[in-house]
Amino acid sequence: MAGGLDGVRRLANARLAAIVLPSLFEEEVRREAARNETAWEAGTDSFAESLSYFPDIDGLDPNPRRYLDLVERAVATVDVPVIASLNCVSASGWTAYASSLEQAGAAALELNIYDLPADPSPTSPVPLISGREVEARHIEVLAAVKAAVGIPVAVKVSPYYSSITEMALRFEEAGANGLVLFNRFLHPDIDPEKLAMTSGIGLSSPADGRLPRAWIAQLAGRVTASLAASGGVEDAGDVAAYLLAGADVVMTTSALLRHGSSHATALLSGLTEWMTRHGFGSLREFRGLFATSGQAAAGERAGYVRALRAADRGERTW
Amino acid sequence: MRATMDGNEAAASVAYRLNEVCCIYPITPSSPMAELADEWSSQGRPNLWGSVPSVMEMQSEGGAAGALHGALQSGALATTFTASQGLLLMIPNMYKIAGELTPAVMHVAARSLATQGLSIFGDHADVMAVRQTGFAMLASASVQEAHDLALVAQAASLGTRVPFVHFFDGFRTSHELNTIEVLPDDDLRALIPEELIRAHRSRALSPEHPFIRGTAQNPDTYFQARETVNPFYAQVPGAVTAAMDALAARTGRHYETISYTGDPAAERVIVIMGSGAQTAAETARYLAGQGERVGVVTVRLFRPFPAADLLAALPPTVRQVAVLDRTKEPGSLGEPLFLDVLGALAEAHAAGTLAVMPVVTGGRYGLSSKEFTPGMVAAVFADLAAAHPKPRFTVGITDDVGGTSLDYGELDIEPPGTVRAVFFGLGSDGTVGANKNTIKILGSDRGLHAQGYFVYDSKKSGSQTVSHLRFGPDPIRAPYLVQNASFVGCHQAELIERVDVLSRAAPGATLLLNTPRPPEEVWDSLPRPVQEQILAKGATLYAIDATQVARDAGLPGRINTVLQTCFFAISGVLPAGEAIAAIKAAIAKSYARRGAEVVARNNAAVDQAVSALHQVPVPGRVTTNRGLPALVPADAPDFVQRVTAEMMAGRGDALPVSALPVDGTYPSGTTAFEKRNISDLVAEWDPDLCIQCGNCSFVCPHSVIRAKFYDESDLAGAPDSFASMPLDARGLPDTRYSLQVYVEDCTGCALCVEACPVQAPGEPGKHAINLAPREPLVAAQRESIAFFEQLPPNNRARVDFGTVRGTQYLQPLFEFSGACAGCGETPYLKLLSQLFGDRLMIANATGCSSIYGGNQPTTPWAADAEGRGPAWSNSLFEDNAEFGLGFRLAADLHLGLALARLAQLREQIGPDLVDEIVAAPQRRESEFAAQRARIAELGRRLDGLPAGEPAVADLRSVLDQLVRRSVWLVGGDGWAYDIGSGGLDHVLASGRNVNVLVLDTEVYSNTGGQSSKATPLGAVAKFAASGKHVPKKDLALQAIAYGNVYVARVAMGADPQQTLHALREAEAYDGPSLIIAYSHCIAHGIEMRDGMGQQYRAVASGYWPMIRYDPELRAAGANPFLLDSPRPRIPLSDYTSRELRYRILAQRDPAESERLMALAEREVQQRWAVYEEMATRGPAWFPADARPAAAGSTPEGVEVTDGSVLPVSGPGAAEPAGRVGVADGGRPGRGPAAG
């Protein structure tokens, strides 16, 4: 949706506050570079009449030209902040691409840290990686990017840390200007009929909002970094719920993909309508009303018990 | 500034900076000059005066010369780059440009002309063919000279208004890397006064001060007008000298129009021009140093011939002169340079200015880049010392027919400080690229001089390369291959069995072998002749398993970095640490675009290389009796044994004149004797899964997958390895089916695997044909192939070759070509040979298909068991349609002659037989068989008639024409869309029965990917580096406009059945036919195994709509335009994003790519709409065939069949009992991307 300039323009027209571009994936850039190089080299220096098959031009380096171009053009086209999202694998990739994105004019960066802790590093002597190592790696990435750029940096946080609160605080300490809760990992699946792996791409549903809301409610007020909610925003009620939990920012992707860019306008007007109905004149009046910071364990347990009971009665809790 | 570059770049660097317009057209070996100009222009690089030269690719060299002429007449500084036939196409305009006294320089990488054979290599045949045009001619002998004299030529041309050809030897100079001093812009400016440029502009055509130039003249004044230019030519030698002096003053590099090297009191002198002059001069210097009274005159300015400079250069002591020409003029008194020198000396002697008239002999050397070495120079000097030197001679060959050749030996004159190395590798292993890096490392930054020259074989797949490298403290003036190398790298273990890698090794040399064997096993693994040579030369042996090191470093197959490191480690040309740092710097530069990871892996390979390198102890004796394997089977024909095998072994240079055919005629089908084993992975058939659909065999570009059906009883004696299964056809019980893979010829391209519709249950990716390691299969499969070959060939009349399934039983008469692995062109040619091979005549335009189809030493067009097969020939690039039309004209005429003689002899022969022959239908295979039987009978009856009767002899000489010939004009898009477009158009308009097959790769594939008018919108190609801005020409619609041309656009990867229909309908149609065949290509930047998949996507996206236009349908009252494609069902980007040619622009300039691809998408839709509309029109909307109906050619209908059993069959028809190959209902074609 935001992958092309037209989409970005439509989103801006829908009066959204900011636009996060789809992630730039380092592996994709690298894979493409490798694929280019393989195609480039095939048949070279083999036959006297055709020592090469393409003009010897620059521009096939792993420099993510297309993405940077999108950033540049989006920034030039729309007047809302354009936030670039970055998903890298190598230390050099994170910092180099972050700098490029900053130069391209991105208003802020979202770090989409995704790795499978099952995968040991190539140099690891043991086929295991500890939780501490995973966390340290993520903190390092953030710190390195922060050192490389001057624009605000948000981390799209994984829901699978043992202690989310601790990680949120550590991210903040390492310089995060924002935390996005949560990263949704698109795990591939297995198709038993075709005996093949299938991609994990799927849109989120309102139920996916529960986990981030619970944690935003926990973190609101405990961290100074902005808290952005991600996942499960289908209608204005979901937006309101996130704000009640304490989110500074509410993000939506799946609903826009389902209903089109104009759905953003519907969300905004729905929120206004909800506020009118509940007598709220501004966001400040209700943001964080349900924040549970400081009562993490109790709050969560309480929610857990409530949910189980509700489930027994066949009710929906949110 | 010092830099290492080749001659093409050296010349282009100056030409580009000194011109405003470059009119270009690709031709080897000059193409890189044009490519560089185009690249620089697309990068916005300015010329000397700040403007970016306009680079214009034309449709032919004739077009380039015309555009050049126009640009010059309009006041631009303009140039062109060309060679060989291209230069010949420029001749008419060269006369004009010179006749109008227009300053310009053409840069020529001099190359042989096509005579008894085409050759892309270097000699002076082309430039000698323009010496009469009025162009001045300046010859460069080295890479540095190609740089410097490009400037001198431009300066002298502007100064005198006489245009120049600046030439240097193709490949030897154009492709030799050498360290040169680069001319800075200031030097260029100093030699090119701006007032001369303004004077040139002031002479331009302009409506502001009109005049007329290019008039027609009459007997009264043409002659006198021709003589007006003499004073301008008289100034040229002086102007060239002045420019050379000015250059010397700025650079210290001094040249003369004619220069002398050697003993100042020499008695024997060689006169020579081009790169050979450098070899001769260095040899003369060496021999003079040994006390011989010899010298060499180097000619740089050849036209106007500077006789005075020649006389001044020759020492007065000269008594014998040998003039060496790098060309041949059959029937002349002598070659051009010889005649000029002889004339100049004779005239001077007669005039009294030359006291003693020396003996002058003329010799030929170096044709088609034949080596010219110091030993040969010494032989010429030795001959001059004889009492009676040979008046005409050759040197460098053994002429046992004319006795012209001089004997020569080896002479090593190179300075001891020069390191010489040779490397044997494969094109795919990166050896050449690594060596180019090595040269740049040593040549550019380290104060050393470096030279590199690379020899490639004639195959496009699995080709061998030999790199010749020299390094030294002094400039390297040795334009010949390395002899006496101190270092020999053999980068592929198997090469040591096939190539004499040690033949160029000096005593005490080091041999580095890449081998998987541990060091202790290496020695014993070497064949006896190799062991003997190592012992005889006292060589040191090193071994490394570079393949393993590369794999460990994460670079499978890329052994170049490892072996480059080993070279530095062993040779010691640089201190170890410095070498490693330099290699890593080069890696960082080369692989930057592949990302940090690839750089890191290459660096790891460097680090691991040295520790994996082992010196192999050489025992003092041979330890094996194992000889080298035979190159060709012992039962190969005599010519193959004596000649072909020698060429294959790299010993073609030693073949004497008598060994070779006098007129360029060679036996067909010699690839069958060359088992190249170029792929580690080969196709393997799985009969348990096979459904006998024939798809694998259909798409195989190398004809390595063959099928036969045969009686069960024929299986007796089959080797265990021979696989067989019951034939899947009704009505033929007890019949078996076998699919045989010719494993030694398989290139492992995997097109067959991708085409196989069978998917093994539970084993993803496994098909009924799969790739498997070759080595374990070879021995057993050799037996299987032998058994398969003795099975009787399938009777063509029993095969329904209206189906893909049926075609697999037809013997391909095009096999094992050297085309790229996975080539998209060759499957069409193979099919052509299967369908019509025994009566097929092919006129083949120059291009990929003429190279893999006709390049020595082995050629793929073959014959069947009856000895019949395609008659194939290549004329030129530009004239192929006309050439093929000539085939038709001759065939028609001789058929007419045969019919006339038959009528004349009707009673004597027997009226029944004659009438049957004359009336015989010839469309089905059974009918051809019957006609052949009648003709055999006719031959027997003619034996009984008086032999002396002219009509009988006449008839006998044209008897074969009574079998209808199938004439095909084959070529690529460069031919059909560009250079041959006019001729093709004319031939299509002729109404004659010729069939045109355009193998459309959408780019000049053979010369390395230059844009043609078939290149699609938005694709990047050479000469379209910013993306093609004009859509592809719709050749099909152009041809359809004539109304009587059968036209088809096909893509076998999308619908093989439609391809088959089109070929057969075209052949059956009694008129011109045009088939445009989508041919995926390595120049598209695709994974070749996905080639057929891309064909499918090209069709599915609507980019390549499959159509047929059949005039016979119109005649029958039906719509002749058939749209065979379904509606576009995938986005264009699904097709384009898989090809580098499109991705390049998307990555370099995304906005521009988006713009162009949006236009391309719209163009696809618009064209589709037009086609769809045409497909629904009535026949009356299309032009009618106005030709009178020919007797005997009444079409039988649209359906073309071959069946002898049923009159009509084909897809959907009832399957006749006892016939093989009818598809089971639907079309066997499948979209490879369907999965």
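Analyst: A residue is called buried here when its relative accessible area is under 20%, exposed when that value is over 50%, and partly exposed in between. The model is a predicted one, and every value below is computed from it.

With that cut-off, ten of the eleven residues of helix α1 of chain B, which runs over residues 7–17, are buried, so the helix is largely enclosed by the rest of the structure. The buried residues are Gly7(B) and Asn8(B), then Ala10(B), Ala11(B), Ala12(B), Ser13(B), Val14(B), Ala15(B), Tyr16(B) and Arg17(B). At the start of α1(B), Asp6(B) brings a side-chain oxygen to within 3.2 Å of the backbone nitrogen of Asn8(B), and Asn8(B) is itself on the list of buried residues.

Thr165(A) lies in helix α6 of chain A, residues 164–173, and is buried because its relative accessible area is 11%, which is under the 20% limit. When neighbours within four places in sequence are left aside, the contacts of Thr165(A) are with Trp215(A), Leu219(A) and Arg222(A).

Helix α31 of chain B, residues 880–904, holds Leu899(B), and this residue counts as partly exposed because its relative accessibility is 33%. Together with Leu895(B) and Val918(B), Leu899(B) makes a nonpolar surface patch of about 210 Å².

The loops of chain B contain several backbone features that deserve a careful look. The peptide bond from Thr28(B) to Pro29(B) is cis, with omega near 0°, and Pro29(B) sits in the loop between β2 (21–24) and α2 (31–42) of chain B. Another cis peptide bond joins Arg303(B) to Pro304(B), with omega about -15°, and here the proline belongs to the loop between β12 (301–303) and α13 (307–313) of chain B.

Positive phi values in residues other than glycine are found at Ser368(B), where phi is near 55°, and at Gln692(B), where phi is near 60°. Ser368(B) is placed in the loop between β14 (359–365) and α15 (374–385) of chain B, and with a relative accessible area of 29% this serine is partly exposed. Gln692(B), in the loop between β24 (681–685) and α25 (695–699) of chain B, counts as buried because its relative accessibility is 1%.

Turning to the interface, 36 residues of chain A are in contact with 56 residues of chain B. The area buried between the two chains is about 3900 Å², and carbon and sulfur atoms give 55% of that area. Eleven residue pairs are in polar contact between chain A and chain B, both residues of each pair being at pLDDT 80 or more. Three salt bridges are found across the interface of chain A and chain B, and among the salt bridges in the model is that of Glu41(A) with Arg558(B), whose closest N and O atoms are 3.2 Å apart. On the side of chain A that touches chain B, the elements giving two or more residues are α2 (26–41) and α3 (65–77) of chain A, and the largest share, nine residues, comes from α2(A).

Note on methods
Residues numbered from 1 in each chain as written. Chains lettered and ligands numbered in written order. Predicted model: local features only at pLDDT ≥ 70, side-chain atom pairs only at ≥ 80, totals over all residues. Heavy atoms only, no water. Buried < 20%, exposed > 50% of the residue type's maximum accessible area, 1.4 Å probe, protein only. Helix = DSSP H or I, 4+ residues; strand = E, 2+ residues; numbered from the N terminus. Polar contact = N/O pair within 3.5 Å; in protein donor to acceptor, adjacent residues only side chain to side chain. Patch = residues over 30% accessible without salt bridge, like charges linked within 9 Å, V, L, I, M, F, W, Y side chains within 5 Å. Areas by Shrake-Rupley, 256 points an atom, 1.4 Å probe, with all protein chains shown as cover. Salt bridge = Lys/Arg side-chain N within 4 Å of Asp/Glu carboxyl O. Contact = heavy atoms within 4.5 Å. Buried area = accessible area lost by both parts, 1.4 Å probe.
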